[in-house]
Amino acid sequence: MKKILFKKNTLLLREVCFVLLTLFLLFTFANCERENEATNSVQESHLDELRVQKIPEKEAFKNTELVQKLSKIAQKGESANGKIIYDSIYNFTIDTDYAIFIDDGISQTYTFPVIRSNQNYISENLVIKLEGSNTQAILVDYGIDISLMKNMSLEQIEQLNERYFLIDLDTSVYTNLNGKTEAPHYEYSCTDVYVWGQVEYHEGDLTGGPLWEEGWIYQGTSCTLVYVEGSGGDSTDSGSGSSSNNDNGENSGSGITGTIGSNGSGTLNTSPTALTPEQITKKQIIRDFTDQLSDGSDGSPNQKQCYDNLPQDVKDDLNNYLGTFALTLYEELDPITGLENSDIKGVFLFAEQALEALCNGEVDSFENFLNDFINDSWGEDENAQQRNTLCGSYNFVTVGNASVVNISGLGMSVRRGHVGMNIEFTNSLCVTIPYTIPAQASSLFNTAWNVTISEVYTYLNATYTLTSPSYETLKSLLIEFLRVNLGLIQLGANISTNPCTGSIPISQATYCP
């Protein structure tokens, strides 16, 4: 009996242990769940405090304080060209196609991608923070390509050495405008809090895509202003220097000078945002195009003013054309010749002609300009003073076994739709036709020239169906085809783009009426 009792007691003990172990595990699991829930609730609480949206330019620019702040950049730059604004002092371009808008109930921030001309990726954002009557401009530098951040873990993100430069678009902030770390300046030092969350699309996504995108949302807390002596110092450096005023109206000198918010919130909310390399290139194309437009100071039409005054939808169509046709050309740019690339010049010339037609009232949209071009063909410009067919006689002289002459005034005019081009060689061209007497040389040259003109038309219509050649390209085509045709008419005949040396007479080109 005692044995049986012992077994029963043993079984009872095992059952009790099992129950206790189960209860312990359940308690531990429940406790872990509560800890996880607590952790999640902390992260969610950060997001619950914020309204995070990706909004288009037209929505962002309803805020007059934001517009006033950005207008300071436009005043220092050459112009606010459409949706890109260039700051000539800090040498960066802000893309305002969209903004990341964050509202925490106390302050609002608008975050824009910052484009640098010397890199094909984005590592910086411009954050405009509005809090009450206080407005600040902060340049956030993440130190890496922002597009890589979405694939980084929280641990990796927390290792980043972000820097927050107070620029305020005020030249008194930096004593040396050529670099933010080489000169004394102000930075913010914040306690970093990153949260992975959803950025809503304002008014939804009209393309049929998702209504939100996921990304890191940054909440800098306990932000204080730090004076940095310069010479590459980081945001923890401090040093002596002349005092100045920060955005809060507080007197600031060396070391910590105050919080980032006028109401003492001391926070900075943003979400890292970037354009793709392709988008950056397109923005650079538009910038390069507007840079080379005339401002009218030389008496020519004011192309810059014309561009700035275009309706936004028309400007967008023109910009999209530039981005589409010049993108491949930019990717293949010779690092030495750069924008001297003749094909890029042709695209820019086409856009300039469109700009002229729009501003002169010839067309009311870029689409109509393009349609008129597509439905026409390259041919002689009947409105040009200079025609293309030669009929004249030239004062050839005999040199050795060849007839030689300098001909001045050679050129051609072409038009398709509203695109007209007129080229003329500034130098006299040296024509050499061997084994031909002077009396016959003029007729041979005219024949070769007129055949060349017809072939140039054919080539242009086969090649330039949606854009135009540059002036340099048109000249090169003319000379290239002319040399071939002269050689076909008379073996050894040639033309040089430089005048003949010696006492060779000059004859003026004569065009048929």
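1. β19 and β22 pair in the antiparallel sense, with 6 bridges between them. Two strands count as paired here if DSSP finds at least two bridges between them. In β22, S403 has I433 as its bridge partner. As for the labels, helices (H or I, at least four residues) and strands (E, at least two) are DSSP runs, numbered from the N terminus.

2. Before going on, a word on what you're looking at: this is a predicted model, where local features need pLDDT of at least 70 and side-chain atom pairs count only at pLDDT 80 or more, while totals for chains, interfaces and linings use all residues. Residues are numbered from 1 along each chain as its sequence is written, and side-chain values use heavy atoms, with hydrogens and water left out.

3. Strand β18 (residues 397-399) pairs with β19 in the antiparallel sense over 3 bridges, and V397 stands opposite V404. The two strands form a hairpin with 2 residues between them, and G400 in the turn has a positive phi of about 65°. Strand β24 (residues 506-508) pairs with β19 in the parallel sense, again over 3 bridges; here I407 stands opposite S507.

4. How much of β19 is buried? 7 of the 7 residues are, so β19 is largely enclosed by the rest of the structure. Buried means under 20% relative accessible area, exposed means over 50%, and partly exposed is in between (1.4 Å probe, protein chains only). A402, V404, N406 and S408 point one way from the strand, S403, V405 and I407 point the other way, and all are buried. In a regular strand the side chains alternate between the two faces of the sheet.

5. Helix α10 (residues 438-463) has 26 residues and reaches 37 Å from its first C-alpha to its last, close to the 38 Å expected at 1.5 Å a residue. That expected span is 1.5 Å times one less than the number of residues. Its buried residues include F445, W449, I453 and Y457. What do the buried residues of α10 pack against? The list is β17 (379-380), β19 (402-408), β20 (411-416), β22 (429-434), α11 (471-489) and β23 (494-496). Contact means heavy atoms within 4.5 Å.

6. There is also an open sheet of 3 strands, in the order β17-β20-β21, with antiparallel pairing. Its edge strands are β17 and β21 (419-424), each pairing on one side only. β20 and β21 are joined by 6 bridges, and S413 has N422 in β21 as its bridge partner.

7. Helix α9 (residues 366-374) has F366, F369, L370 and F373 buried. They cover an arc of only 95° around the axis, which puts them on the same side of α9; the arc is that of the directions from the helix axis to the C-beta atoms.

8. Elsewhere, I102 is found in strand β5 (residues 98-103) and is buried, with a relative accessible area of 1%. Not counting residues up to four places away in sequence, I102 touches residues including L50, V52, I217 and S271. I102 and S271 are 169 residues apart along the chain, yet their C-alpha atoms are separated by 8.4 Å.

9. For the overall picture, the secondary structure comes to 11 helices and 24 strands. Buried residues make up 47% of the 513 residues in the protein.
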